[in-house]
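Could you keep the model open while you read my notes?

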Amino acid sequence: MSLPKCPKCGETYTYEDGHLYVCPMCFYEWTEESLKAEDEALILRDSVGNEIYEGAEATISQDLKLGSDTIKRGSKVKGIQILDKEVNGHDIQGKIDGFGNLLLKSSVIKVR
């Protein structure tokens, strides 16, 4: 059985220490369970827990104030893009008719 590469630095010198895997190059320690939990934490979810994916369509789950305008609950969001880096708490971008491309928070949409 071959041991996995280090998920932090990618080196192949991993060894087992009890139930832990250890990388002697960067001193990172992990278990299979911790890797699964980290992978699950990276999945972006909408306001009801559905997974958000690139290109998805969604609806706005609550009224949003945008300057003097309001984006009404139920408005369609098209072509969702997941941002590589959050911008002021906004983690996705999508197009809303009448408003154009907007940065949004995943917590204010519901994927269809």
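Below are my points on the strands, the aromatic rings and the nonpolar cores.

1. First, the ground rules. This is a predicted model, where local features need pLDDT of at least 70 and side-chain atom pairs count only at pLDDT 80 or more, while totals for chains, interfaces and linings use all residues. Residues are numbered from 1 along each chain as its sequence is written, and side-chain values use heavy atoms, with hydrogens and water left out.

2. Please look at β7 and β8 to begin with. Strand β7 (residues 76–87) runs antiparallel to strand β8 (residues 90–96), and four bridges join them. Strands here are DSSP runs of E with at least two residues, numbered from the N terminus, and two strands pair if DSSP finds at least two bridges between them. I82 has I92 in β8 as its bridge partner. The two strands make a hairpin with two residues between them, and N88 in the turn shows a positive phi of about 50°.

3. β8 also pairs with strand β9 (residues 100–104), again antiparallel, through five bridges. Here Q93 stands opposite L103 in β9. Three residues lie between the strands of this hairpin, and G98 takes a positive phi near 90°.

4. Now to the rings. The structure holds two aromatic pairs, counted when the ring centres of Phe, Tyr or Trp (its six-membered ring) lie within 6.5 Å; planes under 30 degrees apart are stacked, over 60 edge-to-face and the rest tilted. Y21 and W30 count as tilted because their planes meet at 35°, with centres 5.7 Å apart. Y28 and W30 are stacked, since their planes are at 20°, with centres 5.6 Å apart. Y21, Y28 and W30 form one aromatic cluster.

5. How buried are Y21 and W30? Y21 has a relative accessible area of 10% and W30 has 1%, so both are buried (under 20% relative accessible area; exposed is over 50%, partly exposed in between, with a 1.4 Å probe and protein chains only). Y28 is buried as well.

6. The largest nonpolar core has 16 residues, and those with the most contacts inside it are I60, V77, I80, I96, L104 and I109. Such a core is a set of buried Ala, Val, Leu, Ile, Met, Phe, Trp, Tyr and Cys residues joined through side-chain atoms within 4.5 Å. β4 (58–60), β7, β8, β9 and β10 (109–111) each supply at least two of its residues.

7. L104 deserves a look: leaving out residues up to four places away in sequence, its contacts (heavy atoms within 4.5 Å) include I60, V77, H90, D91 and I109. A second, separate core of six residues includes C6, Y21, C23 and W30.
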